[in-house]
Amino acid sequence: MCNKPVCEHWFSTQRLRDDLYLITEPHYYAYNRANLWLIKGQTQDLLVDTGLGVASLRQHIAALIDKPLLAIASHIHFDHAGGLYEFEQRAIHAAEAEALRRGDDYEALCLPEQGWVQPDHFDLLPHAGFTVEQYTLRETEPTKVLQEGDVLDLGDRALEVLHLPGHSAGCIALYDPASQELFSGDVIYDGELLDELHCSHIPTYTATYERLQKLPVKTVYPGHYTIFGQERYHQIMQDYLEHRRQPGCPTDLARSARP
């Protein structure tokens, strides 16, 4: 891995609207690569997920930040919470706050023996001397512990915290009832859904989807892969529920898939 070149720019930024930016880590494995959402508000900005934490996300977005910023981890997994330590204001759901405080690599899925962080997942190095063996979740104290029903007021819009466990105990999504937009983290995305991790629970995941089926959603900004709309939103949930409601149905989800 040390023979790989160091990248010039670790992050890529796409402006979707004046108030919304998509940030990704293009030199990292596409299957695990998280979507990081910068939401610009009138009085406060939100950063939904912080990536691996192997390069300075705070420095990368500095030119876009002109007001207080709250960085949020949709859940504790390394590809979402890895960079949270960089930010002065940082939040995570109460169910995973202690794991963040401890820098718990087991809960973050980044212990070497868990096999989620591998040398061939990095096309280029984020900095000279980087190795996967040194990778860890940096311990940091959350300045805000999120709960179901919390409202994040950005001045010109407000997003509600939805606690939606199943993939992990502390999974959240942010919902804007006015625009019916859902920033979903790993709760729902258009790809292979992981529900057999040590932190996952299939009956809880199905209950989460039964709840979400009743939520009016026009657009989903997921933690991985592409943005999708209402029709695909309901199709993903329907397919999952039909699969998991079959008693004794063997899983067909690959263990080698994404966290």
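The model is a predicted one, in which local features need pLDDT of at least 70 and side-chain atom pairs count only at pLDDT 80 or more, while totals for chains, interfaces and linings use all residues. Residues are numbered from 1 along each chain as its sequence is written, and side-chain values use heavy atoms, with hydrogens and water left out.

A pair of aromatic rings is described by the distance of the centres and the angle of the planes. Here the rings of Phe, Tyr and Trp (for Trp, its six-membered ring) are taken to pair if their centres lie within 6.5 Å, and a pair is called stacked when the planes are under 30 degrees apart, edge-to-face when they are over 60 degrees apart, and tilted for the rest. By this rule the count comes to 13 aromatic pairs. One of them is the stacked pair of tryptophan 10 and phenylalanine 122, with 6.1 Å from centre to centre and 25 degrees between the planes. This pair links distant parts of the chain, since tryptophan 10 belongs to the segment before β1 (12-17) and phenylalanine 122 to the loop between α4 (105-108) and β7 (144-146), 112 residues apart. The helices named here (H or I, at least four residues) and the strands (E, at least two) are DSSP runs, numbered from the N terminus.

Tryptophan 10 counts as buried because its relative accessibility is 4%, and phenylalanine 122 is buried because its relative accessible area is 1%. Tyrosine 29 and tyrosine 31 also form an aromatic pair, which is tilted, with 6.0 Å between the centres and 55 degrees between the planes. Tyrosine 29 has a relative accessible area of 31% and is therefore partly exposed, and tyrosine 31, at 30% relative accessibility, counts as partly exposed as well. Trp10 and Phe122 return in one aromatic cluster, which they form with Tyr28 and Phe130.

Two packed helices are described by the angle between their axes and the distance between the axes. Helix α5 (residues 202-212) and helix α6 (residues 230-244) pack at an angle of about 145 degrees, with their axes 10 Å apart; the axes are lines fitted to C-alpha atoms, for helices over the stretch in contact, and the angles run from 0 to 180 degrees between N-to-C directions. Contact means heavy atoms within 4.5 Å. On the side of α5 the contact is made by Ile202, Tyr205, Thr206, Tyr209, Glu210 and Leu212, and on the side of α6 by Tyr233, Ile236, Met237, Tyr240, Leu241 and Arg244.

Tyrosine 205, which lies in helix α5, counts as buried because its relative accessibility is 1%. Not counting residues up to four places away in sequence, tyrosine 205 touches Pro165, Gly166, His167, Asp186, Val187, Leu193, Leu194, Asp195 and Tyr240. Leucine 241 has its place in helix α6 and is buried, with a relative accessible area of 1%. With residues up to four places away in sequence again left out, leucine 241 touches Thr206, Tyr209, Glu210 and Gln213.

In another helix, α3 (residues 94-102), the residues Glu96, Ala97, Ala99 and Leu100 are buried. The buried residues of α3 pack against β6 (90-93), α4 and β7. Just after α3, glycine 103 takes a positive phi of about 60 degrees.

Which residues have a positive phi although they are not glycines? Aspartate 49 has a positive phi of about 80 degrees, and its place is in the loop between β4 (45-48) and α1 (57-60), where aspartate 49 is buried, with a relative accessible area of 1%. Leucine 109 has a positive phi of about 70 degrees; leucine 109 is found in the loop between α4 and β7 and counts as buried at 2% relative accessibility.

Isoleucine 227 is partly exposed because its relative accessible area is 38%. Leaving aside neighbours within four places in sequence, isoleucine 227 is in contact with Leu16, Trp37, Thr219, Val220, Tyr221 and Pro222.

How values were computed
Buried < 20%, exposed > 50% of the residue type's maximum accessible area, 1.4 Å probe, protein only.
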